[in-house]
Amino acid sequence: TLSAMSAATATTAVEGAASSKKSGGIMEMLGLSSMFGDFNRMSKRQIYNQVLNFAMIILSALMIWKGLMVVTGSESPIVVVLSGSMEPCFYRGDLIFLTNYKDDPIRVGEVLVFKINGRDIPIVHRVIRVHENSTSGQTHILTKGDNNNVDDRGLYAQGQMWLTPDDVIGRSRAWVPYVGMVTIVMNDYPQLKYVLLAVLGGYVLLHRE
């Protein structure tokens, strides 16, 4: 009986050691062991400096984004194509750079990014018709996806037949293929987004170099 108990204890110890080794291996692979080691060696002053550095990175990113909004005139200067409705012009995951200068009239053939009441995600489609009323000064716009068979009136808000310049977020000026796939993956798997943000934030806060 004692022999059996000793064997069971030894087995449990071996399993515990193996589990600990496996956890340690994962932490080592992610670089967490090194980061936590650096954190344990930090003084309070160094920790405060790391927190300030992290805050500066966040603020710098926000300032750059706000600066782009001012320069481009668009509330969202960079967008990611989320569907295949504009193929072959744009593919899912393409990154589009926008401008939205109010004194530059919208013309047929331009690719717009626009918002619809009741929809959280903007739409990227091409202008197929523009009506300008010289008397009232109003402009009415009709759009369609290059890969769609019909125009976008079925996508507009109920009772809406046309877009107006107020609905437009921006006009396509340049693009980079497939760079936005990272954003799509993180939207499809929100847990992955939080893990990546936590790892990056932890790296900035805990790494001393």
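This is a predicted model: local features need pLDDT of at least 70, side-chain atom pairs count only at pLDDT 80 or more; totals for chains, interfaces and linings use all residues.
Residues are numbered from 1 along each chain as its sequence is written, and side-chain values use heavy atoms, with hydrogens and water left out.

Q: What percentage of the residues in the chain is buried?
A: A residue counts as buried under 20% relative accessible area, as exposed over 50% and as partly exposed in between, with a 1.4 Å probe and protein chains only. The chain has 209 residues, and the buried part of them comes to 26%.

Q: Among contacts in the chain between residues at least 6 apart in sequence, what percentage joins residues at least 24 apart?
A: Contact here means heavy atoms within 4.5 Å. Of the contacts between residues at least 6 apart in sequence, the share joining residues at least 24 apart is 57%.

Q: Which strand gives the largest share of the lining of the largest pocket?
A: A pocket is an open set of points on a 1 Å grid over the protein atoms alone, where a 1.4 Å probe fits, with protein on both sides within 12 Å along at least five of seven lines, and lining residues have an atom within 4 Å of a point. The largest pocket is lined by 15 residues, with Val80, Leu82, Ile121, Pro122 and Ile123 nearest its centre. At least two lining residues come from each of β1 (78-80) and β4 (123-132). The largest share, three residues, is supplied by β4.

Q: How many charged residues are in the lining of the second largest pocket?
A: Ala, Val, Leu, Ile, Met, Phe, Trp, Tyr, Cys and Pro count as nonpolar, Asp, Glu, Lys and Arg as charged, and the others, Gly among them, as polar. By these classes the lining of the largest pocket has 10 nonpolar, five polar and no charged residues. The second largest pocket has Lys102, Asp104, Glu132, Asp166 and Arg171 among its lining residues. Its lining comprises five nonpolar residues, two polar residues and, as charged residues, five.

Q: Which residue forms an aromatic pair with Phe90?
A: Rings of Phe, Tyr and Trp (its six-membered ring) pair if their centres lie within 6.5 Å, and planes under 30 degrees apart count as stacked, over 60 as edge-to-face and the rest as tilted. The whole structure holds two aromatic pairs. In one of them, with 6.1 Å centre to centre and 80 degrees between the planes, the edge-to-face partner of Phe90 is Trp175.

Q: Is Trp175 buried or partly exposed?
A: The pair links distant parts of the chain, with Phe90 in the loop between β1 and β2 (95-99) and Trp175 in strand β6 (residues 168-176), 85 residues apart. Phe90 is buried, at a relative accessible area of 3%. With a relative accessible area of 44%, Trp175 is partly exposed.

Q: Which residues does Gln160 contact, leaving aside its neighbours within four places in sequence?
A: Gln160 is found in the loop between β5 and β6. Its relative accessible area is 17%, so Gln160 is buried. Beyond those sequence neighbours, the residues in contact with Gln160 are Ile116, Arg153 and Asp167.

Key. Helices (H or I, at least four residues) and strands (E, at least two) are DSSP runs, numbered from the N terminus.
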